[in-house]
Amino acid sequence: GIIETITLRGEEKGMYPNLRSKQWLLDVDRTNARLGLDLEPLAMCQCLTRMGYSAEPKGRKVKVYSSPVRMDLIHTADVVEDVAIGYGYENFGHSSPRFNTVGGERKMERVADLVRQMMVGFGYWEVTTLTLSSTDEQFSRVNFPTQEVVEVLNPVSEDHNCLRVHLIPSLLAVLRRSKHRDLPQRIFEVGDVVVDAKRRKHMAIMAIHAKAGFTEMKSLAEGVMKELGIQCSLQAGDLEMFIPGRCAVIKVNGKEVGHFGELHPQVITGHELGYPTIAFELDLQDLMSGRGEKII
């Protein structure tokens, strides 16, 4: 074969592959401040030469030329890191940390683990799905009211063009792929959603079998809230994804934190399912607001 170059037109116009050296301009004083060193421009050039660069001092700056095959060099900070490597980490000396910190698990993650163990005790299987979803899956197929989502720029697939705001559609997709399995199927997920460009932790539960009904999910929802030690109230809901009269919302201190009910036949058949299906979704972030210590 013969290796040749090509000329691109448009935003990325030019001759490719571009085998010209990349150029960087390091500020000596700023680089020293970042690394905690006191190198002169010539000494900094020597450090870079050890790392395969060509470098020359220009007053209090250093002009650096890097190989065109160094694809890992994205920012000036990457060149500063090579200055440190060329200087030698072993030459930086020893010092004790100025601050002592202790790592720990976030309260939200402890609550999520507690909920997972509780749902396994209720006889449900945990599943894990992608945070990436599609607007069609999140709204149209389940009759959810459309809301603003974080969209993916230039998505590879139309099935993954946004970040999800609900977990129920993800569980429906799991049941659709598992429709050849024996019934009953009872699954749950504790995962992230992105609402108003902020990540939140949700829990969703779903069951499908011939006798699945509103009463079963109501009992489970009340059991979950009781196990978490949270006083709540149930009120009739009107979400279109559920059968009218077989839907309820959960409120804590007057704020809606979840909903459950019996899925509408249109939603069930739209996901190629042939049996009654019940679902429950809970916003764990709202439950944590001012009540995290009590839950844990």
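Predicted model: local features only at pLDDT ≥ 70, side-chain atom pairs only at ≥ 80, totals over all residues.

User: What order do the 7 strands of the open sheet take?

Analyst: The order is 6-9-10-14-13-12-11, with mixed pairing. Strand 6 (125–126) and strand 11 (233–236) are the edges, each pairing on one side only. Strands are DSSP runs of E with at least two residues, helices are runs of H or I with at least four, and both are numbered from the N terminus. Two strands pair if DSSP finds at least two bridges between them.

User: How many bridges join strand 13 to strand 14?

Analyst: There are 5, between residues 255–263 and residues 277–283, and the two strands run antiparallel. E262 stands opposite I278 of strand 14.

User: Which strands does helix 7 lie across?

Analyst: Helix 7 (residues 214–227) lies across strands 9, 10, 11, 12, 13 and 14, at about 25° to strand 14. Helix 4 (residues 107–121) lies across strands 6, 9 and 10, at about 165° to strand 9. Contact means heavy atoms within 4.5 Å. Axes are lines fitted to C-alpha atoms, for helices over the stretch in contact, with angles from 0 to 180 degrees between N-to-C directions.

User: And helix 6, buried or exposed?

Analyst: 8 of the 10 residues of helix 6 (residues 168–177) are buried, so the helix is largely enclosed by the rest of the structure. Buried means under 20% relative accessible area, exposed over 50%, and partly exposed in between (1.4 Å probe, protein chains only).

User: What covers those buried residues of helix 6?

Analyst: The cover includes helix 5 (135–140), helix 8 (265–270) and strands 9, 10, 13 and 14.

User: Other topic: what is the order in the open sheet of 3 strands?

Analyst: The order is 3-5-4, with antiparallel pairing. Its edge strands are strand 3 (22–27) and strand 4 (54–58). Strand 3 and strand 5 (residues 61–66) pair over 6 bridges, and K22 has S66 as its bridge partner in strand 5. Helix 3 (residues 76–87) lies across strands 3 and 5, at about 70° to strand 3.

User: Last one: where is Y16?

Analyst: Y16 is in strand 2 (residues 14–16) and is partly exposed, with a relative accessible area of 32%.

Terms used: Residues numbered from 1 in each chain as written. Heavy atoms only, no water.
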